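Here is a short briefing on one protein chain. Keep the sequence and the 3D view open as you read.

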Amino acid sequence: DIMPLADVPSASSPNGDGVNDIVFVRGFAIKSLNFQIFNRWGEKVFESTNQEKGWDGTYNGQPQEMDAYAFVLDVVFLDNTTFVKKGNITLIR
C-alpha cells in the first residue's frame, strides 16, 4: 500500500545552479492537484495542475524579488482522499 503524501519545499533559490531552482510539488499517489503561489499583494504569480511543472521564481517572465510567497496546494490522492496545505516559500536570490 502506498502512503499518500504531498509537500512543497519551504525555500527556492532560482540561480541556475541546479539546486532548488524550481519549486515542485513532491509526493506519491497523487491523482490531481492544484498548486498556486501568491505574492505579498495577493497576486497569483504561478499556478499548476501538473506535478511535473514547477515555479521558476518568475512572473510574466520577470524574476521576482526575494520575499516570502504564500502557497495553497489542493491534492486528491488515488484513493480519493484529499489534502490541503497552505504555507510560505521563501525566494532567495
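Two strands pair if DSSP finds at least two bridges between them. Strands are DSSP runs of E with at least two residues, numbered from the N terminus. This is a predicted model, where local features need pLDDT of at least 70, side-chain atom pairs count only at pLDDT 80 or more, and totals for chains, interfaces and linings use all residues. Residues are numbered from 1 along each chain as its sequence is written, and side-chain values use heavy atoms, with hydrogens and water left out.

**Strands**

- Strand β4 covers residues 30-38. Strand β8 covers residues 67-77 and pairs with β4 in the antiparallel sense, over 8 bridges.
- A70 has N88 in β9 as its bridge partner.
- β8 and β9 form a hairpin with 4 residues between them. In the turn, N80 has a positive phi of about 70°.
- In a regular strand the side chains alternate between the two faces of the sheet.

**A look at Q36**

- Q36 lies in strand β4. Is Q36 buried or exposed? Q36 is buried, because its relative accessible area is 15% (buried means under 20%, exposed over 50%, partly exposed in between, with a 1.4 Å probe and protein chains only).
- Leaving out residues up to four places away in sequence, Q36 touches K44, F46, E47, A70, F71 and V72. Contact here means heavy atoms within 4.5 Å.
- The side chains of Q36 and K44 are joined by a polar contact of 3.4 Å. Such a contact is a pair of N or O atoms within 3.5 Å; within protein, one must be able to donate a hydrogen and the other to accept it, and residues adjacent in sequence count only if both atoms are side-chain atoms.

**Salt bridges**

- A salt bridge is a side-chain nitrogen of Lys or Arg within 4 Å of a carboxyl oxygen of Asp or Glu. How many salt bridges does this rule give? The count comes to 3.
- D7 forms a salt bridge with K85, with the closest N and O atoms 2.5 Å apart. This pair links distant parts of the chain: D7 is in strand β1 (residues 5-7), K85 is in β9, and they are 78 residues apart. D7 is partly exposed at 34%, and K85 is partly exposed at 26%.
- R40 and D67 meet in a salt bridge of 2.7 Å, N to O. R40 is exposed at 57%, whereas D67 counts as buried at 18%.
- E47 and K44 meet at 2.8 Å, N to O, in a salt bridge. E47 is partly exposed at 34%. K44 counts as partly exposed at 35%.

**Aromatic rings**

- A pair of aromatic rings is described by the distance of the centres and the angle of the planes. Rings of Phe, Tyr and Trp (its six-membered ring) pair if their centres lie within 6.5 Å; planes under 30 degrees apart count as stacked, over 60 as edge-to-face and the rest as tilted.
- The whole structure holds 4 aromatic pairs. One of them is F77 with F83, tilted, at 6.4 Å centre to centre and 45° between the planes.
- F77 counts as buried at 5% relative accessibility, whereas F83 is partly exposed at 28%.
- Ring pairs also link F35, F46 and F71 into a cluster.
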